[in-house]
Amino acid sequence: MADQLYLSYWLHGFTPHNMLRHYEKMLRLFPFSRLVLGAAVFKIIPIAYSEPSRIEQSFSMPDALDDLLASSKEFLDADSCYSLDASWDLLQFENAEWKLSPSRVSLSCFGPAFEDAEEHLRIEFGIEALFLPQAGLPNNVKMAQANIRSLLKLVHDLDDALQVDSRRLWTESGENFSDRLQEALLAAG
């Protein structure tokens, strides 16, 4: 069964007053898809995930990033989650060939008083299989490595731009993703 892959950040000096500046840095560094035709959906969720969204708007990314940030500042609250569902481009096996295709991603910022938050910033990359060699597919190791390079470049760029206390790349099952990756590469090699 496929696990979701996440990247979580805890930042030095993160407060309700500066949290959207950190979120903006993440959004400005993120390599949004150049291939997707649809809009990204931005939500602000108050208090906890069980609550209805305060706002839900569509934006064309990255062109409308300034408009998205202006909307988020109108609803600045320490108990809110700011979440953008968008896409980025990864190599995927489709119709018997590897090709660059849009892949869903969710970028979130959690106010310190948001009930369901453990971290300050989170990126959900979708299923971990996009970053692991897939047995039986041609050139599976090279293609997985290309997707991992995209992920690592993003992590490196974020590490340089943010005041990071700690970060964690993890799967929803709690498994250490780097251990899973090493196992998959050894099995494929």
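# Close-up views of a predicted model

**View 1. Asn-139 occupies the loop between strand 6 (121-127) and helix 3 (140-161).** The structure shown in this and the other views is a predicted model. In Asn-139 the backbone angle phi is near 55°, which is a positive value in a residue other than glycine.

**View 2. Ile-47 is a second residue with a positive phi, in the loop between strand 2 (40-46) and strand 3.** The phi angle of Ile-47 is about 70°, although Ile-47 is not a glycine. With a relative accessibility of 36%, Ile-47 counts as partly exposed.

**View 3. Ser-53 belongs to the loop between strand 2 and strand 3.** The relative accessibility of Ser-53 is 30%, and therefore Ser-53 counts as partly exposed. Leaving out residues up to four places away in sequence, Ser-53 touches Lys-43, Ile-44, Ile-45 and Pro-46. Ser-53 and Cys-81 are 28 residues apart along the chain, and their C-alpha atoms are separated by 9.3 Å.

**View 4. A cis peptide bond joins Met-61 to Pro-62.** The omega angle of this bond is near 0°. Pro-62 is found in the loop between strand 3 (55-59) and helix 2.

**View 5. Pro-16 lies in the loop that runs between strand 1 (4-11) and helix 1.** Pro-16 has a relative accessible area of 28% and is therefore partly exposed. When residues up to four places away in sequence are not counted, Pro-16 touches Leu-76, Ala-78 and Pro-112. Along the chain, 97 residues separate Pro-16 from Ala-113, whereas the distance between their C-alpha atoms is 8.7 Å.

**View 6. Helix 1 (residues 19-29) meets helix 2 (residues 65-74), with axes that come within 11 Å.** The two axes cross at roughly 160°, which means that helix 1 is roughly antiparallel to helix 2. This crossing of helix 1 and helix 2 is right-handed. On the side of helix 1, the contact is made by Leu-20, Glu-24, Leu-27 and Arg-28. Helix 2 contributes Leu-65, Asp-66, Leu-68, Leu-69, Ser-72 and Lys-73. Of the residues in this contact between helix 1 and helix 2, five are nonpolar, one is polar and four are charged.

**View 7. Helix 1 also meets helix 3, and the axes of these two helices come within 10 Å.** The axes of helix 1 and helix 3 cross at roughly 145°, and the crossing is right-handed. Lys-25, Met-26 and Leu-29 of helix 1 are in contact with Leu-154, Asp-157, Leu-158 and Ala-161 of helix 3. The contact of helix 1 with helix 3 comprises five nonpolar, no polar and two charged residues.

**View 8. Phe-131 is one of the residues with the most contacts inside the largest nonpolar core.** This core has 45 residues, and Tyr-23, Leu-84 and Phe-125 are also among those with the most contacts inside it. In soluble globular proteins, nonpolar side chains tend to be buried together. Leaving aside neighbours within four places in sequence, Phe-131 is in contact with Leu-5, Trp-88, Leu-90, Phe-125, Ala-144, Asn-147, Ile-148, Leu-151, Phe-177 and Leu-181.

Notes. Residues are numbered from 1 along each chain as its sequence is written. This is a predicted model: local features need pLDDT of at least 70, side-chain atom pairs count only at pLDDT 80 or more; totals for chains, interfaces and linings use all residues. Side-chain values use heavy atoms; hydrogens and water are left out. A nonpolar core is a set of buried Ala, Val, Leu, Ile, Met, Phe, Trp, Tyr and Cys residues joined through side-chain atoms within 4.5 Å. Buried means under 20% relative accessible area, exposed over 50%, partly exposed in between (1.4 Å probe, protein chains only). Contact means heavy atoms within 4.5 Å. Axes are lines fitted to C-alpha atoms, for helices over the stretch in contact, and angles run from 0 to 180 degrees between N-to-C directions. Helices (H or I, at least four residues) and strands (E, at least two) are DSSP runs, numbered from the N terminus. Angles under 35 degrees count as roughly parallel, over 145 as roughly antiparallel, 65 to 115 as roughly perpendicular and the rest as oblique. A crossing is left-handed if the near helix is turned anticlockwise from the far one by less than a right angle, and right-handed if clockwise. Ala, Val, Leu, Ile, Met, Phe, Trp, Tyr, Cys and Pro count as nonpolar, Asp, Glu, Lys and Arg as charged, and the others, Gly among them, as polar.
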